[in-house]
Amino acid sequence: MALRPDEFYDHAVAVADSERRLPLARMTGWEISPFEPDGLRVAPLRPPVLPEPARHGEDPSDCNACRDRDEGIWINDHWRLVRIPGVGVPLVLMLYPRDHYDMADLPDELAAELGLLSTRIVRHMQALPHISRAHVYRIGDGGAHLHVWFFARPEGQAQLYGSWLVVWDDLLPEYPADVAEADAEIVADALAACHGGHRSPTSEPAA
């Protein structure tokens with residue numbers, strides 16, 4: 001059984017300093033880290049807050065993802081794919097179920113399609129010129145409607161490897177939108193050809 005919230009907090013701060021600051025992560029010593037360890041410090045660990053605040057879209061009637069269920073660069077009966085604007089890496093796409101599901105309550109048939117779709121999206125992103133990898137992330141602490149991220153890593157940028165990619169994305173200048181849009185359309189066309197559904201005019205998610 002997992003530790004209770006208070007037990008987890010006590011366990012963590014046992015290795016913290018007098019300000020509840022944990023030691024720097026080993027990751028900050030990696031050569032791919034965007035930060036130099038000198039002068040870097042960890043924010044104080046705050047005590048647990050219970051109950052946790054509700055995520056956006058816990059009520060489907062107030063869910064932006066449900067409201068936008070017909071928007072995306074590619075759509076089929078169950079899913080839609082959206083290009084995320086304003087990013088620093090070459091392409092970021094997000095996959096949503098059109099109906100209101102989170103990962104844990106996704107019906108088996110949609111879960112199976114999610115696996116196939118994720119593989120095909122990665123395959124088509126990595127087929128783009130000058131893209132080395134497509135990384136897949138599912139977080140879910142901010143929104144109750146399932147959303148899966150796909151990040152394209154630019155070729156040759158070994159410092160952007162792995163788990164630091166999303167941080168580098170936030171540090172880099174905005175990637176040219178016209179280039180990202182054209183690449184997103186290529187992915188959408190390839191997905192329509194192999195998986196069905198149809199490509200829609202490029203649209204950006206509402207803020």
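## Close-up views of a predicted model

**View 1. D105 in its loop.** D105 is placed in the loop between β3 and α3. In these names, helices (DSSP runs of H or I, at least four residues) and strands (DSSP runs of E, at least two residues) are numbered from the N terminus. The model is predicted, so local features need pLDDT of at least 70 and side-chain atom pairs count only at pLDDT 80 or more, while totals for chains, interfaces and linings use all residues. Residues are numbered from 1 along each chain as its sequence is written, and side-chain values use heavy atoms, with hydrogens and water left out. D105 counts as partly exposed because its relative accessibility is 47%; the term covers values between buried (under 20% relative accessible area) and exposed (over 50%), computed with a 1.4 Å probe on protein chains only. From D105 to L146 the C-alpha to C-alpha distance is 9.6 Å, although the two residues are 41 residues apart in sequence.

**View 2. The whole protein chain.** Five helices and six strands make up the secondary structure of the protein chain. Read from the N terminus, the elements follow the order α-α-β-β-β-α-β-β-α-α-β. The C-alpha trace spans about 60 × 40 × 30 Å along its principal axes. Of the 207 residues in the protein chain, 39% count as buried. Among contacts with a separation of 6 or more, 64% are between residues 24 or more positions apart, a contact being heavy atoms within 4.5 Å.

View 3. Six strands form an open sheet in the order β4-β5-β3-β2-β1-β6, and their pairing is antiparallel. At the edges stand β4 (131-138) and β6 (198-199), each of which pairs on one side only. Two strands are taken to pair if DSSP finds at least two bridges between them. Strand β4 is joined by seven bridges to the antiparallel strand β5 (residues 148-154). R133 stands opposite R153 in β5. Helix α3 (residues 108-126) packs on the sheet and touches β1 (74-75), β2 (79-83), β3 (92-97), β4 and β5, with its direction at about 155° to that of β4. Such angles run from 0 to 180 degrees between N-to-C directions, with axes fitted as lines to C-alpha atoms, for helices over the stretch in contact.

View 4. How many residues of β2 are buried? Five of the five are, so β2 is largely enclosed by the rest of the structure. Both of its faces are covered, with W79, L81 and R83 buried on one side and R80 and V82 buried on the other. Strands β1 and β2 form a hairpin with three residues between them; two bridges join this antiparallel pair. W74 stands opposite L81 in β2. Strand β2 is also linked to β3 by five bridges, again running antiparallel, and W79 has P97 of β3 as its bridge partner. Helix α5 (residues 177-195) lies across β1, β2, β3 and β6, and runs at about 160° to β2.

**View 5. The second largest pocket.** Rolling a probe the size of a water molecule over the atoms shows where empty space is left. The second largest pocket has a volume of about 190 Å³. A pocket is an open set of points, on a 1 Å grid over the protein atoms alone, where a 1.4 Å probe fits and which has protein on both sides within 12 Å along at least five of seven lines; its lining residues have an atom within 4 Å of a point. Grid points are joined across faces, edges and corners, and the volume is the space filled by probe spheres set on the points. The lining consists of P5, F8, Y9, L45, R46, P47, P48, V49, L50 and E52. Eight of these residues are nonpolar, none is polar and two are charged. Here Ala, Val, Leu, Ile, Met, Phe, Trp, Tyr, Cys and Pro count as nonpolar, Asp, Glu, Lys and Arg as charged, and the others, Gly among them, as polar.

**View 6. Backbone details in the loops.** The peptide bond from L50 to P51 is cis, with omega near -5°, and P51 is located in the loop between α1 (5-13) and α2 (64-67). R20 also lies in the loop between α1 and α2. Its phi is near 65°, a positive value in a residue other than glycine. R20 is partly exposed, at 34% relative accessible area. H130 is found in the loop between α3 and β4, and phi of H130, likewise positive in a residue other than glycine, is near 70°. Having a relative accessible area of 60%, H130 is exposed.
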